[in-house]
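Have the structure open as you read along.

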Amino acid sequence: MSEIDIALTVNGERVAERVEARQTLVDFLRDDLGLTGSHVSCEHGVGGACTIRVDGEIVRGCLMLAVQCDGA
C-alpha cells in the first residue's frame, strides 16, 4: 500500500505522520496517536461511536480517511 505524509492539529498539538492511503481517521487516532476516545463499532457510520470533530464539523471517523484531514 502507498503511504502519504500528512500534517494536522489534534487536540491543539501539531502532528506530522506518514499514513497508509486507505487508513481511516479513527484508526489513525487510535493506533498511531494512542487516542482511544473514539471507537470503531459498526464501520458503516451509523453507530456513532467513531464520532470526531474536524474543523468544527462532526464526522464519522470510520468513513473519513486520515489523508482527508491533511491540513485540518
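## Asp55 and its loop

In this predicted model, Asp55 sits in the loop that links strand S3 (51-54) to strand S4 (57-60). Its backbone deserves a look: phi of Asp55 is near 50°, a positive value in a residue that is not glycine. Most residues other than glycine have a negative phi.

Is Asp55 buried or exposed? Asp55 counts as exposed because its relative accessibility is 61%, and the cut-off for that class is over 50%.

## Asn11, another positive phi

Now turn to the loop between strand S1 (3-10) and strand S2 (13-20), where you will find Asn11. Asn11 is not a glycine either, yet its phi is positive, at about 55°. With a relative accessibility of 69%, Asn11 therefore counts as exposed.

## A patch of negative charge

Which residues gather in a patch of negative charge on the surface? They are Glu3, Glu17, Glu20, Asp31 and Asp32. Strand S2 supplies at least two residues of this negative patch, and so does helix H1 (25-32).

Glu3, for its part, belongs to strand S1. Why does Glu3 count as partly exposed? Its relative accessibility is 46%, and partly exposed covers values between the buried limit of under 20% and the exposed limit of over 50%, so Glu3 falls in that middle class.

Technical notes: Residues numbered from 1 in each chain as written. Predicted model: local features only at pLDDT ≥ 70, side-chain atom pairs only at ≥ 80, totals over all residues. Heavy atoms only, no water. Helix = DSSP H or I, 4+ residues; strand = E, 2+ residues; numbered from the N terminus. Buried < 20%, exposed > 50% of the residue type's maximum accessible area, 1.4 Å probe, protein only. Patch = residues over 30% accessible without salt bridge, like charges linked within 9 Å, V, L, I, M, F, W, Y side chains within 5 Å. Areas by Shrake-Rupley, 256 points an atom, 1.4 Å probe, with all protein chains shown as cover. Salt bridge = Lys/Arg side-chain N within 4 Å of Asp/Glu carboxyl O. Lys, Arg positive; Asp, Glu negative; His and termini not counted. Charge placed at Lys NZ, Arg CZ, Asp CG, Glu CD.
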